[in-house]
Amino acid sequence: MNSHTQHIKLFSSRGRLFQRIFGIVLTMLFALAGYGLNELPGFHCVGPLACAMFLAILYRQLWGYPEAVRLGVEFSAKKILRGAIVLFGLKLNMDVVIHHGLGLLLRDVGTVVFSIFFTVWLAKRFKADASLSLLLGIGTGVCGAAAIAAVSPLLKSKDEDTAIGVGLIALVGTVFAILFTVLRPWLPLTDMQYGIWSGVSLHEIAHVALAAAPAGQDALAMGLLAKLGRVFLLIPLSFVLMVWMKRTGKIPTDAKVEFPWFLIGFIATSIVGSYVFGKYIVVPSSLTNGISQVTTFMLTMAMVGMGLNVSFKALREKAILPLLVLSVTSIILIGLTFLTVRT
């Protein structure tokens, strides 16, 4: 190999490195801007993930995709996303879910199964985009944006579909969480029943916290416990989806499925957070809070990377019918869970 060829390769590798670094920095800046936007009146209920994604989508429409830093943007959308899912496991207390929430876990199973199958069925009736609707069904049943982000690599979903799905879940979930707080004083539910209802029906952990907190600490605790059961179900659901992808021919039966090592990491961190931290290793609350904030920030960066792949044309063509499907599914789910909690 002559020196000229070596120089070209070195220049190329440095160029890729700079692309990656500046692309990651770009998603970090958008994430920070999303946090800033989230502090403004009217945006604080939406969450930083949706705010940052909104800014990324807006940037894409005005100035196009940042091709010069594509490698870094894709790194945030894929690698940083998976790292965030691993850290997200620390938020799941498996001991509490298994030993103190089996009754709630059965309700959660019903929520997940109904949300996925009814959304897919309704999408077929409305002729809505099937891939996007499946993501919305999973997000509705499990844990919103985090669930969509976790299963997207398994389902080979487009970044555009993932971004649209996260945005729609954030929008619809926020609307219903606010409605819960407005209607709570007139509902024929005890505070505990109201907390359970919030936990088994609303989309995101943040939505559950927003809706349940006004009913008191006990209601909030029950709501979060019910929600943690749905997060827990992300583990078996992911492996079911892997098998389903092969059996339905979504991927060739002889093809090698990329093993979701990040999901193993999710399980490992769940075990560590549930049975090691606080029992064998004393972890200051400031550290756990810091890890939680880092996790959310990493997820926000990933959403920026995905948001940059969204065009308004795609939103107009693909999002209207899935939004309708998501809204109808959510309304029926909320009604059914209300009846089961009341009895």
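# Chat about Arg70 and the rest of the chain

Visitor: What does Arg70 count as in terms of accessibility?
Guide: Arg70 counts as partly exposed, at 28% relative accessibility. Buried means under 20% relative accessible area, exposed means over 50%, and partly exposed is in between, using a 1.4 Å probe and protein chains only.

Visitor: And what sort of model is this?
Guide: This is a predicted model, in which local features need pLDDT of at least 70 and side-chain atom pairs count only at pLDDT 80 or more, while totals for chains, interfaces and linings use all residues. Residues are numbered from 1 along each chain as its sequence is written, and side-chain values use heavy atoms, with hydrogens and water left out.

Visitor: Back to Arg70. Which residues does Arg70 form a salt bridge with?
Guide: Arg70 pairs with Glu67, where the closest N and O atoms are 2.6 Å apart, and with Glu74, where they are 3.3 Å apart. A salt bridge here is a side-chain nitrogen of Lys or Arg within 4 Å of a carboxyl oxygen of Asp or Glu.

Visitor: How far apart are Arg70 and Glu74 along the helix?
Guide: They are four residues apart in helix H3, which means a separation of about one helical turn. Helices are DSSP runs of H or I with at least four residues, strands are runs of E with at least two, and both are numbered from the N terminus.

Visitor: Change of topic. What is Ser76 doing in helix H3?
Guide: Ser76 sits in helix H3, residues 70-88, and is buried, with a relative accessible area of 0%. The side chains of Ser76 and Thr27 are joined by a polar contact of 2.8 Å. That term covers a pair of N or O atoms within 3.5 Å; within protein, one must be able to donate a hydrogen and the other to accept it, and residues adjacent in sequence count only if both atoms are side-chain atoms.

Visitor: Which other residues is Ser76 in contact with?
Guide: Apart from neighbours within four places in sequence, the residues in contact with Ser76 include Ile24, Leu81, Met301 and Ala302. Contact means heavy atoms within 4.5 Å.

Visitor: What about the largest nonpolar core?
Guide: The largest one has 79 residues, and those with the most contacts inside it are Ile138, Trp197, Phe266 and Met303. Helix H8 (residues 159-183) gives the most to this core, with nine residues. A second, separate core of 12 residues includes Phe30, Leu37, Ala52 and Val69. Such a core is a set of buried Ala, Val, Leu, Ile, Met, Phe, Trp, Tyr and Cys residues joined through side-chain atoms within 4.5 Å.

Visitor: Which residues does Phe266 touch?
Guide: Not counting residues up to four places away in sequence, Phe266 touches Ile85, Val86, Phe88, Gly89, Leu92, Val231, Leu234 and Ile235.

Visitor: And the chain overall, how many helices and strands?
Guide: There are 16 helices and zero strands. Of the 343 residues, 48% count as buried. Among contacts in the chain with a separation of 6 or more, 80% are between residues 24 or more positions apart.
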